[in-house]
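This briefing concerns the sheet of one model, the helices packed on it and a helix pair. Please consult the sequence and the structure shown here.

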Amino acid sequence: MDQIKHTYVHVNGLKLHVAEIGSDSLPVVIFLHGFPEIWYTWRHQMIAVANAGFRAIAPDYRGYGLSDIPAEPEKASFTDLVKDTASILDSLAISKVFVIGKDFGSMVGYTFALFFPERVAGIATLGMPFMPPGSFEDSLALPEGFYMRRWQEVGRAEADFARFDAKTIVRNVYILFSKSEIPIANENQEIMDLVDPSTPLPSWFTEDDLAVYGDLYQKSGFQTPLQVPYRSLADTSAYPKQGLKVEAPALLIMGEEDYLFKFPGMEGYLKSGEVKKYVPNLEIVYLPKGCHFVHEQFPDQVNQLILGYLNGNKN
């Protein structure tokens, strides 16, 4: 971990944190995190790709980790994150990248690829495929206690989270999202109450890892993360008006026990091949026993898949 260096770039009125490793002359891989993550979620992958001859960069989004919090976090949007991504690359004089995204970072990555196809050598995502506009509307059919619906309700998540420190919130979300069932609370129960305090962390996620996350979410808070992704999912303005197709070589890595498979229509969307209407050059790999955090759970397997993909598609 000591070989990863940390820099800040000033873009779009904010100072954004970027972790990086590897020489400036190497082909570049940008890693885009999900929630409840920060740059650190890519610790295993960054070192692996750097050792294989790539330059790895992993920013914290605005309002996350070590990056500045926007003046009005309640107005943050996916468009902001896509523009920030482009601006970070501009500030580092990087013209073309491989994009790797996890969870909603996949949405940021794919939207970036739609707007800047000439800058994308390829795109790999974990835990979430390309999702066209309106994809999450079917999820509204899930019960009122569905975690996304609860976190979209302004004030509800804030009150739930306010009962705990940042470290406990991250701990609870990691435990919930590591399961194969969608987190759904009862009518008179909050999402944080779905986790018994005695429940251990997943074996692949240490107390030291949790401390890193806890410290940085203590700094950033959760207002921007609640806004993007959860309160911005219905906003389709981040997408181009037409041409929803990513032609770049693409890879999707999914754990077979990822709770995302339980989302209405998700399994059919992937296994019927419908997703390839939008990403025709997509390869999908399913990892047995893999959960939503498959890159942390099985880093060696995921690194091997990513390196095979990168080496097969670099010029």
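The points below are grouped by topic.

The model is predicted, with local features requiring pLDDT of at least 70 and side-chain atom pairs pLDDT 80 or more, while totals for chains, interfaces and linings use all residues. Residues are numbered from 1 along each chain as its sequence is written, and side-chain values use heavy atoms, without hydrogens and water.

**Sheet**
- Eight strands form an open sheet of mixed pairing, in the order E1-E2-E4-E3-E5-E6-E7-E8; strands (E, at least two residues) and helices (H or I, at least four) are DSSP runs numbered from the N terminus, and two strands pair if DSSP finds at least two bridges between them.
- E1 (5-11) and E8 (282-287) are the edge strands, each with a single partner, so one side of each lacks a neighbour in the sheet.
- E6 (residues 120-126) and E7 (residues 250-255) pair in the parallel sense over four bridges, and Ile 123 has Ala 250 in E7 as its bridge partner.

**Helix H3 and Phe 112**
- H3 packs on the sheet and touches E3, E5, E6, E7 and E8; contact means heavy atoms within 4.5 Å.
- Phe 112 lies in H3 (residues 104-115).
- Phe 112 is buried, at a relative accessible area of 1% (buried means under 20%, with a 1.4 Å probe and protein chains only).
- Beyond its neighbours within four places in sequence, Phe 112 contacts residues including Val 82, Leu 89, Val 99 and Val 120.

**Helices H1 and H11**
- His 44, Gln 45, Ala 48 and Val 49 in H1 meet residues of H11, among them Pro 299, Ile 306 and Leu 310.

Conventions: Buried < 20%, exposed > 50% of the residue type's maximum accessible area, 1.4 Å probe, protein only. Axes fitted to C-alpha atoms, helices over the stretch in contact; angles between N-to-C directions.
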